[in-house]
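Here is a short briefing on one protein model. Look at the sequence and the structure first, then read the points below.

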Amino acid sequence: MTPHLGPAGGRPTRRGDGAGRRSGAGRPAAGDRRGPAPRPTTRRPPVPDPARRAVLDLLAAVRGGAFANLALPRLIDRHRLAGRDAALATELGYGTCRVLGQLDAVLDACSSRPLGEVDGVALDALRLGAYQLLHTRIPPHAAVSATVEQVRLGERPEAAGFVNAVLRRVAERDLTGWAAALAPALDDDPIGHLSFVTAHPRWITAALADALEADPAPTTPDVTDEPTVEPTVEPDPSADLPADLPTEVPAGLPTDLPTALQADDVAPRVHLVARPGRIDRDELLVQCRDTGLRAQPGRWSQYAVVLEGGDPARLPAVVAGTAAVQDEGSQLVAAALAAVPLDGPDAHWLDLAAGPGGKAALLGSLAALRGADVVAIEPIEHRADLVRRATAGLPVRVQVADGRATGLPAGSFDRVLLDAPCTGLGALRRRPEARWRRTPGDVADLVALQQQLLDAALELVRPGGVVGYVTCSPHLAETVEVVQAVTGTDGTDGPDGSAPDRPAVRLLDARAHLPGVTGLGDGPSVQLWPHRHGTDAMFLALLQRT
Ligand SMILES: C[S@@+](CC[C@H](N)C(=O)[O-])C[C@H]1O[C@@H](n2cnc3c(N)ncnc32)[C@H](O)[C@@H]1O
């Protein structure tokens, strides 16, 4: 648990988390006021407000370690929210979680006590109030009074005065004013500045900058490579830029770094996979239409359907398991592994880190069409159960094991997918609080595991067979550097040898197996991006054992 999510677990970091205080900043100057300060709260009886109550319960649950995307639907049910209330709780709940570090920096500047000493109930209310003040169009007096009323109705009513006083200070500036006061100057410290205005921890901003620099945006679109299907309905990430997002990026930084950061705040569309051999994509589109769901073909994956809204669980194909929710990027990398032409047998495939089973099910569908089978490894029993459910009816055998010690014979698989455990920095848009919970220390631990699992994958594939190394993270330490460490290739030079004492491999050009996908870098590995492709930031390297 990071200081940002802990109840009283230490003062939130400032500069180090992109939420720095500039010297001389803190108390707003008179000229910074953005309008009348909110009126003091009245003493009329507090009005129940189930949407904000649900958000406060969510923030408490997240402080306790819950995942917001799992906790909120349950709270919406428990508080019997529907329609506008459910939408308000979702916006305030997810929004607050996404920008926690930024809110904490502002609150810290406004509080008479260090935030680390403020109890959890008051802290949650402060964060909710500050979010409304800085990130919504809710009038300041309404944002403050509605939040303070919930404190008065809750288990710590005595905190209402403190919460009211701090929020009134927050309301003295808008987000632009607070950025001017607290964020490092763009020219002095562009990473720190962008971290504050886009509400990312500094280490994540720096990691994305490194990854984008290694995979620069193509300057001239390759029109001949345009996909034949209509583009998806992905929202334009530049349509709703944070107040202080610079239009000019300082020299030396990737030009699309601000939009890459901003894309983490855009809720993704639901992508469905029409599992090959089980349902045709056109048939799935017809089902969507018949069920009242607006949908269109995905932009990149031949199996993808993109929903414009609505509940995919209503679709008969999803109920039957012939279709499922799956990001287009996940579809692309699994399909790319299956598309590599192989000399020799092609009957046994392995998914070495399979839970919850999305890619195992796509591989299983493709394997069934080709008379092949799949072994799916997952060490966590309940996740192995999810794989069993996802792959029911497919030629997939699930085995509960650590991928580093499966007991399976060396060289016995023709294709191996290693969709490795990773930081998930490529799917921050799906997990509102994740950016504040992950730490740089997680990267080091995961990289060690990723390397060991990739070693195991290369042992298990036969000479001539292929391993797909996948992460849902663009962090270079988890992507090209893992490939480099394990194989002795650097992921950019194309085919070469392997590290001593390890099976010889050559890196294949993964781009060749994502036909029609534009906006890819120089290869041979592939990095997808939410802001370029509308997918999660999946990484794929294809390693052929020689
Ligand atoms: C990124 S997820 C895989 C997602 C999956 N491919 C899908 O599409 O649904 C990584 C999985 O690796 C599992 N895992 C963690 N440690 C592992 C290990 N030592 N060996 C094998 N799998 C492991 C995790 O439990 C998790 O289910």
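In which sense do E9 and strand E12 (residues 539-545) pair, and over how many bridges? E9 and E12 pair in the antiparallel sense, over six bridges. This is a predicted model, in which local features need pLDDT of at least 70 and side-chain atom pairs count only at pLDDT 80 or more, while totals for chains, interfaces and linings use all residues. Residues are numbered from 1 along each chain as its sequence is written.

- Helices (H or I, at least four residues) and strands (E, at least two) are DSSP runs, numbered from the N terminus.
- Two strands pair if DSSP finds at least two bridges between them.
- Strands of a sheet pair through backbone hydrogen bonds, either parallel or antiparallel.
- In the pairing of E9 with E12, Gly 468 stands opposite Leu 542 in E12.
- Strand E8 (residues 413-419) also pairs with E9, in the parallel sense and over six bridges.
- Asp 419 has Val 470 in E9 as its bridge partner.
- E9 is largely enclosed by the rest of the structure, because eight of its 11 residues are buried.
- A residue is buried if 20 or more other C-beta atoms lie within 10 Å of its own, exposed if 12 or fewer, and partly exposed in between, with C-beta atoms placed from the backbone.

**Cys 472**

- The UniProt annotation "active site", from an unreviewed entry, covers Cys 472; such annotations may be inferred rather than shown by experiment.
- Cys 472 is found in the loop between strand E9 (461-471) and helix H19 (480-487).
- Why does Cys 472 count as buried? Cys 472 has 26 C-beta neighbours inside 10 Å.
- Leaving aside neighbours within four places in sequence, Cys 472 is in contact (C-beta atoms, placed from the backbone, within 7 Å) with residues including Cys 422, Gly 424, Asp 536 and Met 538.

**The largest nonpolar core**

- A nonpolar core is a set of buried Ala, Val, Leu, Ile, Met, Phe, Trp, Tyr and Cys residues joined through C-beta atoms within 7 Å.
- The largest one has 163 residues, of which Val 106, Val 163, Leu 418 and Ala 457 touch the most other members.
- Helix H5 (residues 120-135) gives the most to this core, with 10 residues.
- Not counting residues up to four places away in sequence, Val 106 touches Ala 130, Leu 134, Val 170, Trp 178 and Leu 182.

- Helix H7 (residues 160-170) has eight of its 11 residues buried, so it is largely enclosed by the rest of the structure.
- Among the buried residues of H7 are Phe 162, Val 163 and Val 170.
- What covers the buried residues of H7 includes helix H4 (100-110), H5 and helix H6 (140-153).
- Helix H15 (residues 358-369) is mostly covered, with 10 of its 12 residues buried.
- From first C-alpha to last, H15 reaches 17 Å, close to the 16 Å expected at 1.5 Å a residue (1.5 Å times one less than its number of residues).
- Gly 371, whose phi is positive, near 70°, follows H15.

**The four-stranded open sheet**

- Four strands form an open sheet in the order E2-E3-E1-E4, with antiparallel pairing.
- Strand E2 (295-297) and strand E4 (323-325) are the edge strands, and each pairs on one side only.
- Strand E1 (residues 270-274) and E4 run antiparallel and are joined by three bridges.
- Val 273 has Ala 324 in E4 as its bridge partner.

Terms used. Contact = placed C-beta atoms within 7 Å.
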